[in-house]
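This report is meant to be read with the sequence and the three-dimensional view side by side.

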Amino acid sequence: MDNDVAAGNTTSTLGHLALGLTLLAFGVGSTGVIDNVAASDAASLATWVGGVALFLVGLLALRAGDAGEGTAYSALGAFWFTWGTGVGDGGSAEASGLFLLLWALLALTLTMASAGSGLFGQGVYGLLFVALLLLGIGALAGNGGLAKAGGWVAAVAGLAAWYGATAAVAHWPTSVSRSGRRAAPAS
């Protein structure tokens with residue numbers, strides 16, 4: 001592979017698609033909104049799409065010189081691979097909660113590091129942070145309501161990541177222009 005190949009937009013789009021699909025499946029499973037579908041049912045998707053594919057996209061971004069996206073996607077790939085291969089291993093709720101809270105710190109770091117990247121950068125990572133925080137606290141406290149709320153936030157984050165990637169490919173808008181707003185009346 002040629003090092004001169006620019007992977008920026010390609011890795012960003014592919015990374016957001018992988019993250020979006022994984023978050024959406026994980027989030028919907030965590031909400032319990034579909035009968036007989038749980039977050040653990042997303043383990044294969046999390047392992048291969050969220051884990052392996054996202055990690056490889058991160059390596060491609062790092063190779064292309066994009067340290068921010070490379071770090072984000074590689075780290076998130078490690079998270080999803082670890083979660084996908086470890087779900088249902090018989091660990092305690094406290095261990096699961098601690099795991100989610102520790103990875104929430106990564107999401108917080110990514111949120112702060114992506115300042116200025118707009119809704120589909122910082123917003124997705126911010127929602128991921130809130131989702132992991134709610135899920136982690138819910139697991140530690142044995143509170144199913146917090147876990148469901150975390151699942152909904154994860155699903156919204158997944159939809160935002162998916163939309164951002166789809167918008168990049170389809171050339172859809174990703175921001176609201178100020179020219180479309182009416183001017184405030186003068187006082």
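## Helix 2 against helix 3

Helix 2 passes helix 3 in a left-handed crossing, a term used when the near helix is turned anticlockwise from the far one by less than a right angle, the clockwise case being right-handed. Helices here are DSSP runs (H or I, at least four residues) numbered from the N terminus, and helix 2 covers residues 43-63. The axes of helix 2 and helix 3 are 7 Å apart and the helices pack at an angle of about 160 degrees, which makes helix 2 roughly antiparallel to helix 3; angles over 145 degrees are given that name. Axes are lines fitted to C-alpha atoms, for helices over the stretch in contact, with angles running from 0 to 180 degrees between N-to-C directions. Sorted by class, the contact of helix 2 with helix 3 has 16 nonpolar, 10 polar and 1 charged residues, where Ala, Val, Leu, Ile, Met, Phe, Trp, Tyr, Cys and Pro count as nonpolar, Asp, Glu, Lys and Arg as charged, and the others, Gly among them, as polar.

The model is predicted, and local features need pLDDT of at least 70, side-chain atom pairs count only at pLDDT 80 or more, and totals for chains, interfaces and linings use all residues. Residues are numbered from 1 along each chain as its sequence is written, and side-chain values use heavy atoms, with hydrogens and water left out.

## Helix 3 against helix 4

Helix 3 (residues 67-86) and helix 4 (residues 93-113) have axes that come within 11 Å and cross at roughly 165 degrees, and are therefore roughly antiparallel to each other. Their crossing is left-handed. On the helix 3 side the contact, meaning heavy atoms within 4.5 Å, is made by A72, A75, L76, A78, F79, T82 and W83, and on the helix 4 side by F99, W103, L106 and L110. These residues divide into 10 nonpolar, 1 polar and no charged.

## The largest nonpolar core

A nonpolar core is a set of buried Ala, Val, Leu, Ile, Met, Phe, Trp, Tyr and Cys residues joined through side-chain atoms within 4.5 Å. The largest has 33 residues, of which L19, L76 and W80 touch the most other members. Helix 1, helix 2, helix 3, helix 4, helix 5 (119-141) and helix 6 (144-170) each give two or more residues to this core, and helix 5 gives the most, with 8 residues. Leaving aside neighbours within four places in sequence, L19 is in contact with L54, L76, W80, V124 and Y125.

T11 counts as buried at 3% relative accessibility, and T13 counts as buried at 15%; buried means under 20% relative accessible area, exposed over 50%, and partly exposed in between (1.4 Å probe, protein chains only).

Not counting residues up to four places away in sequence, T11 touches V57, L60, A61, E69 and Y73. With neighbours within four places likewise left aside, T13 is in contact with A165, A168 and V169.

## Positive phi outside glycine

N36, in the loop between helix 1 and helix 2, has a phi near 60 degrees, a positive value in a residue other than glycine, and is exposed, with a relative accessible area of 79%. H171, in the segment after helix 6, also has a positive phi near 60 degrees, and is exposed with a relative accessible area of 72%.

Note on methods:
Parallel < 35°, antiparallel > 145°, perpendicular 65-115°, else oblique.
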